[in-house]
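This report covers side-chain packing and pairing in a single model. The sequence and structure come next.

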Amino acid sequence: MITVYVEETDTYAGESNYAWVHRFSVTVARDTNRAIVRAVNKKLGYRRLKSNSYGGDMIEIRPRGRHRVAFVTFEQ
């Protein structure tokens with residue numbers, strides 16, 4: 001089991017804007033990027049998305065057609 005922390009915010013011109021922020025945590029049974037993205041997506045409710053992993057430190061999730069971004073970080 002792993003706990004991940006999620007920070008969802010709006011974007012402006014493709015960059016994170018932080019006019020509003022929604023923070024929460026999710027507990028995931030498996031420690032794979034796919035399992036983590038699926039668990040976070042279940043909570044956020046995005047239909048189509050694109051995700052990028054940055055060296056195992058962070059996962060970025062961007063829903064298509066919406067001006068939002070979610071950053072997933074791991075428990076320290």
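## Terms and basis

A polar contact is a pair of N or O atoms within 3.5 Å; within protein, one atom must be able to donate a hydrogen and the other to accept it, and residues adjacent in sequence count only if both atoms are side-chain atoms. By that criterion, the side chains of E60 and R62 are joined by a polar contact of 3.4 Å.

The model is predicted: local features need pLDDT of at least 70, side-chain atom pairs count only at pLDDT 80 or more, and totals for chains, interfaces and linings use all residues. Residues are numbered from 1 along each chain as its sequence is written, and side-chain values use heavy atoms, with hydrogens and water left out.

E60 is found in strand β4; helices (H or I, at least four residues) and strands (E, at least two) are DSSP runs numbered from the N terminus. The relative accessible area of E60 is 10%, so E60 is buried. Buried means under 20% relative accessible area, exposed over 50%, and partly exposed in between, with a 1.4 Å probe and protein chains only.

E60 also forms a salt bridge with R62, with the closest N and O atoms 3.4 Å apart. A salt bridge is a side-chain nitrogen of Lys or Arg within 4 Å of a carboxyl oxygen of Asp or Glu. R62 is partly exposed, at 26% relative accessible area. A further polar contact, of 3.4 Å, links the side chains of E60 and Y54. Contact means heavy atoms within 4.5 Å; leaving aside neighbours within four places in sequence, E60 is in contact with K50, S51, N52, Y54, V69, A70 and F71.

## Salt bridges

How many salt bridges does a search of the whole structure find? The search finds 3. Side chains of opposite charge can pair when their charged atoms come close.

In one of them, the side chains of R23 and E7 meet at 2.9 Å, N to O. R23 is in strand β2 and E7 in strand β1, 16 residues apart, and the pair links distant parts of the chain. R23 is exposed, with a relative accessible area of 57%. In another, the side chains of R68 and E8 meet at 3.3 Å, N to O. Because R68 lies in strand β5 and E8 in strand β1, this pair ties together parts that are 60 residues apart in sequence. R68 is partly exposed at 29% relative accessible area, whereas E8 counts as buried at 5%.

## Nonpolar core

A nonpolar core is a set of buried Ala, Val, Leu, Ile, Met, Phe, Trp, Tyr and Cys residues joined through side-chain atoms within 4.5 Å. The largest one has 17 residues, and V4, I36, V40, I61 and V72 have the most contacts inside it. At least two core residues come from each of β1 (2–12), β2 (15–28), α1 (33–44), β4 (58–63) and β5 (68–74). Helix α1 gives the most, with 5 residues.

Not counting residues up to four places away in sequence, V4 touches F24, S25, V26, V28, I36, V40, V72, T73 and F74.

## N41

N41 is found in helix α1 and counts as buried at 19% relative accessibility. The side chain of N41 reaches the backbone nitrogen of Y46 at 3.1 Å. Beyond four places in sequence, N41 touches Y46 and L49.
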